[in-house]
Amino acid sequence: MMEGKADRKTFFTQALLQWHTTHHRPLPWKGEKDPYLIWLSEIILQQTRVEQGLPYFEKFKAKYPTVKYLAAAPEDEVMKMWEGLGYYSRARNMHAAAKYIAHELAGVFPKKYEGIRALKGVGDYTAAAIAAFAFDLPHAVVDGNVYRVLSRYFGVEEPVDTTAGKKQFAHLAQELLDVRQPGRFNQAIMDFGAGQCTPAAPKCASCPLQPNCSAFHQNKVDSLPVKSKKLERRQRFFNYLVINQQGNVFIKKRTEKDIWRNLYDFPLIETDRLVEGKNGLEGNAIWQAWLGSSNYQLLQVSPPFRQELTHQQIVARFWEIEVDGSFKAGEASWVKCGRQNLQDFAFPKVIVLYLKEKSLPLELF
Ligand code: SF4
């Protein structure tokens, strides 16, 4: 049964909403009307799976029940709460937006799409989700789930990662939106993409959209949606110096315009390839500047630890060094931290993995 264009759209919306009556996923933020909590859940879920994001949502909600609590929190505390979730600019932007709402908008969350969209870290998708869920405004969400479902059902071969493609899908989603229940429609299409029309092995056999699904009938399920670019990851090689001095370790805050801004890490020497051999870094000019004139002992070099980011792969080695009491920090930004206090700071995942493996801060060597 492949129907005419208009009928296929009506069928889509009706079948989707019908499907949702029996298939919705019960999650703590579902049915939520508080825009602050919806915003919190949406920011956490950007780039994060629900299972991973759920405990963070609960933790943030308990500690910062309103936007004013979040605005009043110290930045280091917010970053620490976010530790392990990745894409830390989300936490920084969220904190900045909370301050803006608390101080400039008297703590009142914006109620219109434009006002929500103007908040730091809020893009089209998140603004539409908050507008629809909290205020029943007729804005359709468009994310990876929506691209997949629409491209398959309607057989759209326009790449989803081009400006033209994004426009086309946004327009289509908006046409399909049931304006009487925008929140429910948005939830339904996202749940459908997450549970039925999944990236790999979609459940076409039990799919209520199947009678009119282009991809299914034309055997294109695996080739849709289309992407124009293949993701290329740049490899970066980080050599972290874990400099121990009488039970303390030197750490520093990452303030430069780079990944992990405002997180902490160890003094870092970046190289253009993996450094091999225990003494492989000792000829490096930065190593010489920091350690050359000191009395140090190089104890151990870790195997490479890896962390995948969207556009980069970080390969990190940890150089465990002991220095005597006369050693002076190589840069003013270094902070001496008791090993037992390392857990108070927010570190990128690759360092957390290393610390876990070494059972730091309990026992370093
Ligand atoms: S039939 Fe398959 S490809 Fe088409 S919408 Fe349903 S699950 Fe997705």
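User: What is the basis for the numbering and for the local features?

Analyst: Residues are numbered from 1 along each chain as its sequence is written. The model is predicted, so local features need pLDDT of at least 70 and side-chain atom pairs count only at pLDDT 80 or more, while totals for chains, interfaces and linings use all residues.

User: Why are α9 and α10 called roughly perpendicular?

Analyst: Helix α9 (residues 144-154) and helix α10 (residues 163-176) pack at about 80°, with axes 10 Å apart. Angles of 65 to 115 degrees count as roughly perpendicular. The pair is therefore roughly perpendicular. Val-146, Tyr-147, Leu-150 and Phe-154 of α9 meet Phe-169, Leu-172 and Ala-173 of α10. Contact requires C-beta atoms, placed from the backbone, within 7 Å.

User: What makes up the contact of α9 with α10 by class?

Analyst: It has seven nonpolar residues, no polar and no charged ones. Ala, Val, Leu, Ile, Met, Phe, Trp, Tyr, Cys and Pro count as nonpolar, Asp, Glu, Lys and Arg as charged, and the others, Gly among them, as polar.

User: Why is helix α2 described as largely enclosed?

Analyst: A residue is buried if 20 or more other C-beta atoms, placed from the backbone, lie within 10 Å of its own. In α2 (residues 35-45), 11 of the 11 residues are buried, so the helix is largely enclosed by the rest of the structure. Among them are Trp-39, Ser-41 and Glu-42. The cover includes α3 (50-63), α4 (67-72), α6 (89-104) and α8 (124-135). After α2 comes Gln-47, with a positive phi near 65°.

User: Which residues come nearest to the ligand?

Analyst: Cys-197, Pro-202, Cys-204, Cys-207 and Cys-213 do, out of 14 residues around the ligand. A residue is near if its C-beta atom, placed from the backbone, lies within 6 Å. The shell divides into 10 nonpolar, two polar and two charged residues. Helices α9 and α12 (214-217) each supply at least two of its residues.

User: How do you know where the domains lie, and how many residues of each are in contact?

Analyst: The domain assignment gives domain 1 (5-223) and domain 2 (234-357). Their C-alpha centres lie 38 Å apart. In contact are 10 residues of domain 1 and nine of domain 2. Helix α5 (residues 75-82) gives the most to the domain 1 side, with five residues. That side has three nonpolar, two polar and five charged residues.

Note on methods. Axes are lines fitted to C-alpha atoms, for helices over the stretch in contact, and angles run from 0 to 180 degrees between N-to-C directions. Helices (H or I, at least four residues) and strands (E, at least two) are DSSP runs, numbered from the N terminus. Angles under 35 degrees count as roughly parallel, over 145 as roughly antiparallel, 65 to 115 as roughly perpendicular and the rest as oblique. Two residues are in contact if their C-beta atoms, placed from the backbone, lie within 7 Å. A residue is buried if 20 or more other C-beta atoms lie within 10 Å of its own, exposed if 12 or fewer, and partly exposed in between; C-beta atoms are placed from the backbone. Domain bounds come from an automatic or database domain assignment.
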